[in-house]
Amino acid sequence: MKKPLVGLLLLAVHQAGHCAAENQDALELNVEDLLSVEVTSVSKKAQALNDSAAAVFVITHEDIKRSGVTSIPEALRMAPGMDVSRIDSNKWAVSARGFNGRFANKLLVLIDGRNTYTRSFSGVYWENQDVMLEDVERIEVIRGPGATLWGANAVNGVINIITKHSSKTQGGLLVAGGGTEERGFGGFRYGGRLNEDTTARAYVKGFQRDAYSRANGDPAGDAWDKAQGGFRLDSRLSMQDELTVQGDAYHSSINQSLSIPQLAAPYQSAFGEQVDAYGGNLLSRWQHTISTRSDYSLQLYYDYYRRNEAWFSEGRDTLDLDFQHRFGLFDSHELIWGFGYQYTHDHTETGRLLRLSPASRNDQLFSAFVQDEIELVDQALWLTLGSKFEHNDYSGFEGQPTARLMWAPHPQHRFWGAVSRAVRTPSRAEQNMSLLQAVRPPEGFFPATAIYLNGDRSYRAEDVIAYELGYRTTFIKSLSVDFTAFYNDYDNLRNVTQGAGTFDPSSGVVVVPLTLNNNFQAKTYGFEVAAVWQMLDWWRWDANYGLLKSDFAPTTNTAVAAASPQHRISLRSALSVRKDIDFDLWFRYVDTNASVGVYGVQQINDYVTMDVRLAWRPAASLELSLVGQNLLSESHLEFRQENQTLPTFIDRGMYGKVAWSF
């Protein structure tokens, strides 16, 4: 019995030294190092953040750990220009530079190269997308169009979640915790070396979250639990070839309280339900390196999800193929080109609100892109030109060009500017839906009125012309500033046309149709600034501020125009007085907001909130932490869903966590 115990202690000592080295590296990461963090989303190649001609922000693994967040949307609050609002325990509204909502549709989200976009509403089911946060290497957040490389839907931004190479997650990790809102959570991951050139890891995780509250303090009925597992394998096939295979599977039970219209008295029905959501994915990627200036990759993935809700049910299969090739041409050009194909099949079932016709549909997407980065002046001036060309089954051919210029007059200063066009292609719902949006009770002898929102097969793509200017600098070694100004000119946005009402004798109501069209225009403009100040070797401040102004055309129907707060402020303090103790503070201010839905414009008050995290490492392989979230008020409202979900207040919460590496 003693030998295994001695072995375990020796292993713990070895791992303690390893973890101590990691912590020391994190503490010694200075501001210049942060600007040298590698990003790949801007140009589909590895480059330093400081050399990226785009409004890019990187959320590191250390940021995620020290913030105490427990989900990807919560982590995105750290990025300037990101509008993240929690609707209830299991739903979020996430967007960049405006147009936010539960069904926001102008943001592209990738997890290790897999597109999480759903054709149903051109957005993301955030509650479906999860990873083991301890395995996230970084999250790259790009505000502004990224369509030239990533394709349609990257209108206002691109989120790229990148997990660690399996060689970096060797050994075991056990995490567990619980508290008032995070009632219980746990995860286990183990990584090993299969042979000299192949490493792998597998994980399981799960959680149970408590319900939030109504305005009167009653439970909101939105408790949530989820179980997920997955794996990743990385193999160096040769000195030039590397293969990655990874996959995930999940099942989620989502509780929600809905209020939906109905054709019979009392014409509105409020009820609670438990939603089953499940799915999985499998991805493989082969990379071949020819030289330092030339490589290519081939990626293939399959994704499936299923959601069964009272108002609508759907399942979707997606198969996606992507190829890209990068090479140098002469001394001053670096080209990257590629092509892709995507096939999706869905099967829907009519619910109490929504019907799609046809109920099942197959769609194809063909795409190709090319981009050339030209060094006009040696190490001082670069011009990037490119475009993506797509053909989809909804709006046909789409072109999405961009031009970017970067000037480096001094090693500590970067100026950049960009002009881009991006499109958001129509969703399945926008062309094929019939949605019971509202029912007005009868008045006198006049019968009840049912308002239906209908899709239109002639609905086209929305588009934006975006203008951006940026400046990035390290005035002094301990301070960096990143500034971006933007002006977005949108056209062909979603609006509605009201048709004449007709009496339906079968239901005894007057039916008023609203049909979607593209005659809405808008302009948004503003700026974002992010700063990092390494005040002392053991004390760092991260601050950012975003201003967003919106200018909607007079033809706008306020029922379809989304909004976002004008002002957002984030201030984080990371303090490590001793190497075994961390103390983190995070303040956020969010200006007055408005959500737009079937009940018209709903105002949401501004709020200030604060999160606190205290962590202690009694041994380098063991960390104990205590996290308080939303501490400045008992509860607050962040958003109201466009329809259905009743207003839910986000409660103050505390949880404790244990993380053991072995």
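Trainee: Which residue in S8 does Ala55 stand opposite?

Mentor: Ala55 stands opposite Arg143 in S8. Before going on, note that this is a predicted model, in which local features need pLDDT of at least 70 and side-chain atom pairs count only at pLDDT 80 or more, while totals for chains, interfaces and linings use all residues. Residues are numbered from 1 along each chain as its sequence is written, and side-chain values use heavy atoms, with hydrogens and water left out. Strands are DSSP runs (E, at least two residues) numbered from the N terminus, and two of them pair if DSSP finds at least two bridges between them; here S3 and strand S8 (residues 136-143) pair in the antiparallel sense over 6 bridges.

Trainee: Which residues of S3 lie on one side and which on the other?

Mentor: In a regular strand the side chains alternate between the two faces of the sheet. In S3, Ala55, Phe57 and Ile59 are on one side and Val56, Val58 and Thr60 on the other, and all are buried, a term for under 20% relative accessible area, with exposed being over 50% and partly exposed in between (1.4 Å probe, protein chains only). Because 6 of the 6 residues of strand S3 (residues 55-60) are buried, the strand is largely enclosed by the rest of the structure.

Trainee: What should I look for in the backbone angles?

Mentor: Most residues other than glycine have a negative phi, and most peptide bonds are trans. Gln379, in the loop between S20 and strand S21 (381-392), has a phi near 55°, and Asn492, in strand S27 (residues 479-498), has a phi near 60°. A cis peptide bond joins Ala265 and Pro266, with omega about 10°, and another cis bond runs from Ser357 to Pro358, with omega near 5°.

Trainee: Is Gln379 buried or exposed?

Mentor: Gln379 counts as exposed because its relative accessibility is 58%, whereas Asn492, at 15%, counts as buried.

Trainee: Which strand supplies the largest share of the nonpolar patch?

Mentor: The largest share, 3 residues, comes from S16. Leu298, whose place is in strand S16, counts as partly exposed at 35% relative accessibility. Strand S16 (294-308) and strand S17 (312-329) each supply at least two residues of the patch.

Key:
Helices (H or I, at least four residues) and strands (E, at least two) are DSSP runs, numbered from the N terminus.
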